[in-house]
Amino acid sequence: MPQTPPSHSGGDPIPAARARPGAAARPADVSPARLWAVSLRYLQRFSASVEMLRRVLDRRLRPAVAAGLIAPEEADQRREAVLRKAADYGYLNDSRFAEGRVAALLRQGKSPRLIAETLKAKGVAGETVTAVLAATRAETEEDIALTAARAYAKRRRLGPFRTATATDPRRAEKDLAALLRAGHSLSVARKVLGAASDNDLLDQDD
């Protein structure tokens, strides 16, 4: 079971140290202890992938490397040591991170394609994203897509979720366009909008 990053005292926020007005900017402390403290502070505030924390550490290390305070090779070693330590403690786990983000994004009505793009932008490997999507609720790709499209339609009150009788003859066309713009496939969008009620959609999920 992953541990919760312990609180620690002191420390400036990520990514850079504050400089006094008029004073020359000086690279932040990049000692191993300080990098670990910065990482804990970040992980207490955010759910993160390995790559996300790597980028945070790189932003802190880069000015020190540019100023000649630390060799690039040593910077890489310190960064990777922190990442390994965070993973060993259970603070970093890309599969667990992806599971949480997939569940949250599906509740928002995001399509599997957009979810995959979002996670890949966070540095999660494509195979991890695919595995998590496939395992979510033990559903097929189409079932996941239908669940996401249904959530989106419900939130936007499209199709069977509309609360008032539509007077615009192009309403169905506009609803379809809205689902397509959100990244849902034509077949899934038509299935959602073609249902007579939400119960029909729930029956399709079974």
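Which residues of helix α9 (residues 186-194) are buried? The views below answer this and look at other parts of the protein.

**About the model.** This is a predicted model, in which local features need pLDDT of at least 70 and side-chain atom pairs count only at pLDDT 80 or more, while totals for chains, interfaces and linings use all residues. Residues are numbered from 1 along each chain as its sequence is written, and side-chain values use heavy atoms, with hydrogens and water left out.

View 1. Helices (H or I, at least four residues) and strands (E, at least two) are DSSP runs, numbered from the N terminus. Of the 206 residues, 36% are buried; here buried means under 20% relative accessible area, exposed means over 50%, and partly exposed lies in between (1.4 Å probe, protein chains only). Among contacts (heavy atoms within 4.5 Å) between residues at least 6 apart in sequence, 69% join residues at least 24 apart.

**View 2. Helix α9 has buried residues along one face.** Here is the answer to the opening question: V188, A189 and V192 are the buried residues of α9. Looking down the axis of α9, you would find these buried residues within an arc of 100°, so they line one face of the helix. The arc is that of the directions from the helix axis to the C-beta atoms. An α-helix has 3.6 residues a turn, so residues three or four places apart point the same way. On the face of α9 turned away from the buried side, look for the exposed residues R190 and G194.

**View 3. Helix α4 (residues 94-107) crosses helix α6 (residues 126-135) at roughly 50°.** Their axes come within 9 Å. That makes α4 oblique to α6: angles under 35 degrees count as roughly parallel, over 145 as roughly antiparallel, 65 to 115 as roughly perpendicular and the rest as oblique. Axes are lines fitted to C-alpha atoms, for helices over the stretch in contact, and angles run from 0 to 180 degrees between N-to-C directions. To find the contact, look for D94, S95, A98, E99 and V102 in α4, which meet T128, V132 and L133 in α6.

**View 4. Helix α5 also meets α6, and their axes cross at roughly 140°.** These axes come within 10 Å, and α5 and α6 are therefore oblique to each other. From α5, the contact is made by P112, I115, A116, L119 and K120; from α6, by G126, V129 and L133.

**View 5. S111 sits in the loop between α4 and α5 (112-121).** With 1% relative accessibility, S111 counts as buried. Leaving aside neighbours within four places in sequence, S111 is in contact with A148, A182, G183 and H184.

**View 6. R157 and G159 lie in the loop between α7 (141-156) and α8 (171-181).** R157 has a positive phi of about 55° although it is not a glycine. Most residues other than glycine have a negative phi. R157 counts as partly exposed, at 47% relative accessibility, and G159 counts as partly exposed at 23%. Find K174 too: G159 and K174 are 15 residues apart in sequence and 10.0 Å apart in space, C-alpha to C-alpha. Leaving aside neighbours within four places in sequence, G159 is in contact with D175 and L193.
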